[in-house]
Structures are given as C-alpha cells and as structure tokens.
Amino acid sequence: MSNRIIPMKLVVLGEGGVGKSALSCQFIRNHFISEYDPTIENSFREQKTIDGQAYMLEIVDTAGQDEYNAMRDRYIRLGEGARFRLYLFLTSLGFVLVYSITSRVSFEKLDAFHSSIQRVREDDVYPVVLVANKSDLEADREVTTSEGISYSKKVKAAFFETSAKLRMNVDESFMQLVREVVKMKSTE
Ligand code: GDP
Ligand code: MG
C-alpha cells in the first residue's frame, strides 16, 4: 500500500449495446442508464479506495472502438515508442471485455476486441476481466455460462456474469481488474 493516489485507466470494450455505458455509469455514479445511445463515449474520472489504497480511476467507455483506437494511435504517434512507454509506465491500463448473455453475436465478436488489446504493444500483456452482462435477462439468454468460462480461460481473464440493471457484480468486476493491474505492475 502507498499513500500516493495511483492513476489507472480502465478501458471498456465490446460490441455496441452490450451495456458498456450502463456498467461504467453504475460503477462510478451508482445509476442505471435505461435509454440506449450508441454514440455516447464517456470518460469517467473518479477517486476510489480499494483494499485501502486510493486510485484515480479513469473509465474509458468506448463506442465502437473509435475512442480506444484514437487513444492508442495518439500515443503511438507521440514518437518512437519512448513517450508511449512512459505513458504506460505512469498510467496503468486494464481492460473490461464485455458481451451480453442475450447476444451470441456480441460473444463471437470478443476475439476481435481481444486482439485489439494485444496490439497496444505486442510484447505486453494487459490484465483483462471478461464480463457477461445482462444476466437479469435469463429468458433471452443466448450464451451459456460455461461458454463464457471457457472463453475467459482461453484469454486468461477473470470472469463475471453481471447485471448493470440490478447492479450485480459490477463493483466486483472493476475491483478485480484494479487488483490484477496492481498485481501485474508489481511483477514487472
Ligand atoms: P453500450 O453500447 O455497450 O454502451 O450499451 P448501453 O450501456 O448503452 O446499453 C444498451 C442498452 O441495454 C440500454 O438500453 C441499457 O439500458 C440496456 N442494458 C445495459 N445493461 C443492462 C443489463 O444489465 N440488463 C438489462 N436488462 N439491460 C441492460
Ligand atoms: Mg455506450
């Protein structure tokens, strides 16, 4: 533990409509967004204390992959890697990979999002949490829990079934990611 506030950027990725904005907003603002605006790209900044350590969390809620790609390209352009590496050193990155249990398509698109994470810097491995959202819509389920678990093992990610609507496993997912970012930093 340290007295300093640790900055951390958590990027939320996944197909449109799976609940990225709803999850981010629930985690930071304790509020469920029931309307769907696919174009909203939020960046939430909030100080949170987890396991007694203060963090300045920036939640990058992407729409499409545009914002995330822009961010990545911006830092890559900053020059021959040195500044990008400095940025990565100063700001820890973690990823929340989201699909909806009610959308097989969103599950099948996970690979594309996952490989975009590996492209940040090829030799780096980033902590990922796999989130199967909309677990309150059991009647509309298209992806089984065991399929989710298998995929999480494949990409070496922790796995949570969540409901942004019921605020179920939302804190647990983000907090697990924070813990894994810290763990990865400490073994660098
Ligand atoms: P995004 O495109 O991934 O950011 O998706 P949104 O967060 O905008 O959510 C898309 C729609 O699904 C919205 O109408 C949300 O209210 C709804 N939604 C998000 N999460 C849940 C959930 O856990 N359960 C239910 N029933 N609806 C959800
Ligand atoms: Mg959104």
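**Helix H5 and the sheet under discussion**

Visitor: Which strands does helix H5 lie across?
Guide: Helix H5 (residues 110–118) lies across strand S1 (6–14), strand S4 (92–100) and strand S5 (128–133), and runs at about 175 degrees to S4. Angles run from 0 to 180 degrees between N-to-C directions of axes fitted to C-alpha atoms, for helices over the stretch in contact. This is a predicted model: local features need pLDDT of at least 70, side-chain atom pairs count only at 80 or more, and totals for chains, interfaces and linings use all residues. Residues are numbered from 1 along each chain as written, and chains are lettered from A and ligands numbered from 1 in written order.

Visitor: Which residues of H5 are buried?
Guide: Leu110, Phe113 and Ile117 of H5 are buried (20 or more other C-beta atoms within 10 Å; exposed is 12 or fewer, partly exposed in between; C-beta atoms placed from the backbone). These residues are on the same side of H5 because they cover an arc of only 70 degrees around the axis, taken from the directions from axis to C-beta atoms.

Visitor: And what is on the other side of H5?
Guide: Asp111, Ala112 and Ser115 sit there, and they are exposed.

Visitor: What do the buried residues of H5 pack against?
Guide: They pack against S1, S4 and S5, and also against helix H4 (104–108) and helix H6 (145–154). A contact means C-beta atoms, placed from the backbone, within 7 Å.

Visitor: Switching to the sheet. What is the strand order?
Guide: The order is S2-S3-S1-S4-S5-S6, in an open sheet of six strands with mixed pairing. Strand S2 (42–50) and strand S6 (158–161) are the edges, each pairing on one side only. From one strand to the next, the twist averages 25 degrees. Pairing takes at least two DSSP bridges.

Visitor: How many bridges join S2 and S3?
Guide: Nine, in the antiparallel sense, with S3 covering residues 53–61. In S3, Gln53 is the bridge partner of Ile50.

Visitor: Which strands does H7 touch?
Guide: Helix H7 (residues 170–186) packs on the sheet and touches S1, S2, S3, S4, S5 and S6. The direction of H7 makes about 145 degrees with that of S4.

Visitor: Pro7 next. Why is Pro7 partly exposed?
Guide: Because 13 other C-beta atoms lie within 10 Å of Pro7. Pro7 is in strand S1. Pro7 and Leu93 are 86 residues apart in sequence, with C-alpha atoms 9.3 Å apart.

Visitor: How many helices and strands does the protein have?
Guide: Seven helices and six strands, taken as DSSP runs numbered from the N terminus (H or I, at least four residues; E, at least two). Of the 188 residues, 36% are buried.

How values were computed
Contact = placed C-beta atoms within 7 Å.
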